[in-house]
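Trainee: I should like to learn how to read the sheet and the pocket of a protein model. May we go through them in order?

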Amino acid sequence: MTRNVIDEAREALLAAIASACVTSLQAEIPDDAMATLRKCTQRPRGRGQGELAFPCASLCKLVGGRPPAQIATELASLLSERITSPDDALSTIFESIVVQGPTLNVTLRTAFFASVVHAINHEGYLDAQPVGNKEKVMIEYSQPNTHKAFHVGHMRNVALGDSLVRLWEHMGHKVVAANYFGDEGAHVAKCLWLLKQRMDERGCDLDGLNVPDDRKGEYLGLLYAEANDMLDLSQLTKYPYDGVVAARVVSIDAHPAPNAPKNWHVCQVEYGEGRTATVVCGGTGYTVGDMVAYIPVGTRFKKQTVATKDMMGVESSGIMLAYAELGAQPPKSANATPEAGLSNKQKKKAAQGASQGGDAKAIMLIAEECSPGDALIEIGKLDKKHPGSVQEAYKKQKKEVGDVLLKLESGDPEWCALWAATKKWSLDEFKSIYAWLDARFDHDFFESEVSEDSKAMVMENYQLGKEGGSVMVETNGAIGCDLSMCKPPLPFLVLIKSNGAGLYATKDLALARRKFDEFHIDRSIYVVDAAQSCHFQQVFACLDRMGYPQAKKCFHLAYGQVVGEHGKMSSRDGTVIYFSELRKQLADEIMESYLKKYKDGFFLQAKKDGSTVEKECEIWSSDEIESVKHAISVATIKYRMLNQDPIKDITFILKDWTAKTGDTGPYMCYVYARIKQILAKVGTPSDGRVDLGLLGTEYDRALLYSLNSFWATVEKAAYDYKPFVLCKFLFDLSKDFNAWYERSPVMDAPTADLRVTRVEFIVAVGAVIKTGLSLLGIRTVNRM
């Protein structure tokens, strides 16, 4: 590890305290207690109170119960004597030790504390640690699906993964940056199904669509989104509830069981000619004669088959469905409760709840003209002029997509050629985006490469079970891994369904084996959204049971969503921001806010009376403007994606993200550019001698503390998987620099020695900011 003088000083202080306890306080500090004391010895909270604070209360039990203030006074006297002795090594480290109540505030000697400046500027202090025998790490990130569009939400994954690659490499690890493309499955079939329709409509091949090269991937994504809409029942009917039918309520009676819930009623419903059923219903808002939403016995609903059920002595056949069960809202005017068996007070209370639209048990009533047994999807048909039924149209489209998927899986030459060509469209666009973001990948994995291997891997392991050596078991026709013995217990992990199909977890097991066997990695990091947390817990536990030692060093970095000002972004409602639009918005905003004046050669300066005056400025070359615009655009996106805990959602507000002040990417770029401009203005001093001992003000020391904390911050950001720790460090350093510069002139420093020392100082500050931002994947600019 690169030298950290704060850690050195902490160790020296604790050693001196331990020695003083033995010689003067007649108490010995055991080794395990030293670890606790080390954690307690931190930076004082107030500015100007030194660099280390030791809480003497932590010694009370070790020194016979003396009061903390007494311990502090005795230790300060003993240690102060040592640090003022020129023959004692402590005198080169510590300037003073001051008692503040029960705490020792320790100030480091300036020459010792400021030595980091020389180390940064002349000794490669900020350079990456050498690769030794540290763990080899694979970081898998981005993982976009081909045939889908790249949008602002994908940026968070890329920012996190790219930063972790840089951080772990800087800590001296050999890192393999990997991507895992979702290049097969239903989403591909949907996209190609509609793409083929477009080609057939125009009578052309793929090239004949004339899609611009820089929009081909996004074009496929838009096709997928459109196909997804077309295949959604809600596009065909206002009641997109397949399998649900209309049923007339014939009678409502109280449940005969005396201990049955008060809201349970026994209803007779008619759901077709000569078809009746008895239903025990706990819902509200219906009465005799109403047409209600009903799902008969034997129908699939929410992935389960509806069956007859004994409801406290009454056989209930089918379900009368509430609005809430169908994801719908009850009309505000709906009655809340069936008449039978309720008092007037209960009726009034229930009706009030329904009028506020808040009754989750309100049974769905059908207002349209219909007959018992009519399918809801047909009752709610949106295009009444279109011949044929909704069910037929829906099944036809689903079958067509299913046929495409089958042809792809069976290797049909025509469809596989279309898949390969369009897959390249997606990959070319993704790689262009990665280049724009300066995100590196060393290896690309594809779902299609591990699909068949993954099922074979599971079956091989399952066959071992017949000899007692497998962790795979069969249950209800499916094969999977029993994880109930895990702590905490995890759900059964299905790997091969009863129909022989594999799942995402199946592929992840095979992918993990490839990572371990082919790349010989010691640690595997997955950057994937938080919705997949349980999935990865199961996969890692399964790998552990299968005997892979690396399983214990698999880590899932879960992150939250990127949402809009008004909530979750959606392609359907037009709120999702695709990459091309994001890039344009960024370029326009940054050009207007930062760079327009350098293109025009003038800007308007506000006067005190509210008017403006035109001021001339330097005109930059178009190449420099484009370069700076690109750098600030990337800084805007990456910094904001990284500067808070990954698990929290982020709200995308362009104006806030591009702000010139506050905790933003542009502000960080500005601080570095300001340092470069100061140095350019000062030039190379012709006289004076660098004397780091002159850096003694509280503002000097605040900056020095930050410089000395660089490596501890990088280590924490890497090993805790939290780049936002580095963001906070850089933001605090930038604020400290601005506070320092307001009080510490460089050009007009009182002496030549102080001027050249301050130049050396801010060169080091700039180097730390530049290195820190580079570890976040952000390129600095020299002016902006």
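Mentor: Let us begin with a term: helices (H or I, at least four residues) and strands (E, at least two) are DSSP runs, numbered from the N terminus. This is a predicted model, in which local features need pLDDT of at least 70 and side-chain atom pairs count only at pLDDT 80 or more, while totals for chains, interfaces and linings use all residues. Residues are numbered from 1 along each chain as its sequence is written, and side-chain values use heavy atoms, with hydrogens and water left out.

Trainee: What is the mean pLDDT of the protein?

Mentor: pLDDT is the predictor's confidence in each residue, from 0 to 100. The mean here is 92, and 95% of the residues reach 70 or more. Over residues 339-357, however, the pLDDT is below 50. Where pLDDT is low, the predicted coordinates should not be read in detail.

Trainee: In which order do the five strands of the open sheet stand?

Mentor: Strands of a sheet pair through backbone hydrogen bonds, either parallel or antiparallel. Two strands count as paired if DSSP finds at least two bridges between them. In this model the order is β8-β7-β6-β9-β14, with antiparallel pairing. Strands β8 (276-281) and β14 (319-320) stand at the edges with a single partner strand each, so one side of each is left without a neighbour in the sheet.

Trainee: Which element gives the largest share of the lining of the second largest pocket?

Mentor: On a 1 Å grid over the protein atoms alone, a pocket is an open set of points where a 1.4 Å probe fits, with protein on both sides within 12 Å along at least five of seven lines; lining residues have an atom within 4 Å of a point. For the second largest pocket, the largest share of the lining, three residues, comes from β8. The 23 lining residues include Lys-309, Met-311, Gly-318, Ile-319 and Glu-325, the closest to the pocket centre.

Definitions and conventions: Contact means heavy atoms within 4.5 Å.
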